[in-house]
Amino acid sequence: MFSSFFETARNSPFRTPLSVARCDAAAPVVDPQPVEGRQIAAAATPVANQQDSCEFGSTKYFALCGIGGILSCGTTHTFVVPLDLVKCRLQVDQAKYKNLLHGFKVTVAEEGARGLAKGWFPTLLGYSAQGLCKFGLYELFKVKYADIIGEENAYLYRTSLYLAASASAEFFADIALSPFEAAKVKIQTVPGFANNFREAVPKMLKEEGVNAFYKGLVPLWMRQIPYTMMKFACFERTVELLYKYVVPKPRADCTKGEQLIVTFAAGYIAGVFCAVVSHPADVVVSKLNQSKGASAISVAKSLGFSGMWNGLTPRIIMIGTLTALQWFIYDGVKVALGIPRPPPPEMPASLKAKQH
């Protein structure tokens with residue numbers, strides 16, 4: 001199934017007059033000149049070769065990165081819905097759901113095993129939309145910002161570049177996610193409200209109007225933007241450090257499988273930091289979408305400092321695994337679709353000359 005999907009994605013959906021892709025396998029392959037920003041890219045193999053399906057920085061390149069984002073975010077978040085459901089219930093009702101294991105027991109006892117899958121459909125839709133914007137726009141902003149500040153500054157201030165590009169991408173990604181996240185939390189945390197997305201949407205519209213889907217947008221930004229900034233910047237720098245200090249051979253000598261293992265390890269490390277940084281805002285989002293008429297400030301006050309750390313352990317497990325799998329899938333999709341995967345950044349020749 002996936003092979004046919006990849007083939008379809010490679011050959012048709014993004015062939016537009018705006019694409020500057022060079023995808024003809026019969027065409028002679030010329031070693032390209034460096035492109036500004038090319039050195040600043042997520043886990044990768046050496047620079048473009050005859051297997052690449054498009055040119056780095058082209059319209060098709062960003063579109064295919066968006067496909068990778070859909071597959072990496074939509075599938076992984078849907079996969080961990082049972083853990084997410086219990087985590088949300090721990091956050092909003094600590095008295096009833098005392099810990100992770102107890103939360104699973106109570107949920108299964110009251111709703112059966114199927115109850116653990118509540119909210120899977122809005123999760124799939126919402127995080128697929130978010131993944132499209134998160135990864136596609138991150139790659140776009142990273143290249144555009146690098147072009148603006150120049151190759152030397154893009155290298156010297158690459159962590160700031162990752163942070164700025166990821167924050168910009170997540171701003172738009174959360175607008176796409178917010179309606180689905182609101183419906184998901186209602187389904188998972190308000191007993192008897194709705195069993196599925198189809199039932200939840202008209203009820204939410206009737207009770208609170210369109211505001212029901214976007215009242216959690218600001219706290220969602222507060223949760224997701226720091227999370228994504230940490231996710232991308234920490235991942236990029238961890239990959240760089242792993243190849244420099246941990247992997248026993250040059251990265252260019254590593255197989256694609258070995259590179260994907262490094263990707264997974266770096267993703268998990270980044271995920272742990274992500275979970276801690278974004279957790280208080282995550283608790284506020286869960287409680288806010290559960291309570292009708294509440295505001296982010298009132299929810300934060302009612303929870304108190306300690307209350308905003310409810311459910312941290314399951315979230316570390318969930319986000320660490322999610323982040324690792326997302327980067328693994330995303331990089332795997334890049335391999336499958338022949339998307340250029342430039343290596344970790346190296347000092348530009350012009351900077352090296354200045355140091356001598």
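What span should the 21 residues of helix α2 have, and how far apart are its end C-alpha atoms? In this predicted model, helix α2 runs over residues 59-79, and at 1.5 Å a residue it should span 30 Å. The end C-alpha atoms are 30 Å apart, which agrees with that expectation. Helix α2 is also mostly covered, with 17 of its 21 residues buried.

The aromatic rings come next. The count comes to 18 aromatic pairs. One of them joins Trp120 and Phe121, whose ring centres are 5.5 Å apart and whose planes stand at 70 degrees, an edge-to-face arrangement. Trp120 has a relative accessibility of 43% and therefore counts as partly exposed, since that class lies between 20% and 50%. Phe121, at 34%, is partly exposed as well. A further edge-to-face pair is made by Phe171 and Phe172, with 5.3 Å from centre to centre and 85 degrees between the planes. Phe171 has a relative accessible area of 35% and is partly exposed, and Phe172 is also partly exposed, at 40%. Elsewhere, six residues come together in one aromatic cluster: Phe135, Tyr138, Phe232, Phe235, Trp327 and Tyr330.

Arg158 lies over the face of Tyr155, 4.4 Å from the ring centre.

Another arginine, Arg341, is worth a look. This residue belongs to the loop between α13 (312-337) and α14 (349-355). Is Arg341 buried or exposed? Its relative accessibility is 4%, and because buried means under 20%, Arg341 counts as buried. The side chain of Arg341 has a polar contact with the side chain of Asp331, at 2.9 Å.

The last stop is His102, which is placed in helix α4 (residues 100-111). With a relative accessibility of 27%, His102 counts as partly exposed. Which residues does His102 touch, once its neighbours within four places in sequence are left aside? The answer is Lys96 and Tyr97. The side chain of His102 also reaches the backbone nitrogen of Lys98, at 3.3 Å. Leu90 is twelve residues from His102 in sequence, and the C-alpha atoms of these two residues are 9.6 Å apart in space.

Notes. Residues numbered from 1 in each chain as written. Predicted model: local features only at pLDDT ≥ 70, side-chain atom pairs only at ≥ 80, totals over all residues. Heavy atoms only, no water. Helix = DSSP H or I, 4+ residues; strand = E, 2+ residues; numbered from the N terminus. Expected span 1.5 Å × (residues − 1). Buried < 20%, exposed > 50% of the residue type's maximum accessible area, 1.4 Å probe, protein only. Phe/Tyr/Trp six-rings, centres within 6.5 Å; stacked < 30°, edge-to-face > 60°. Lys NZ or Arg CZ within 6 Å of the ring centre and 35° of its normal. Polar contact = N/O pair within 3.5 Å; in protein donor to acceptor, adjacent residues only side chain to side chain. Contact = heavy atoms within 4.5 Å.
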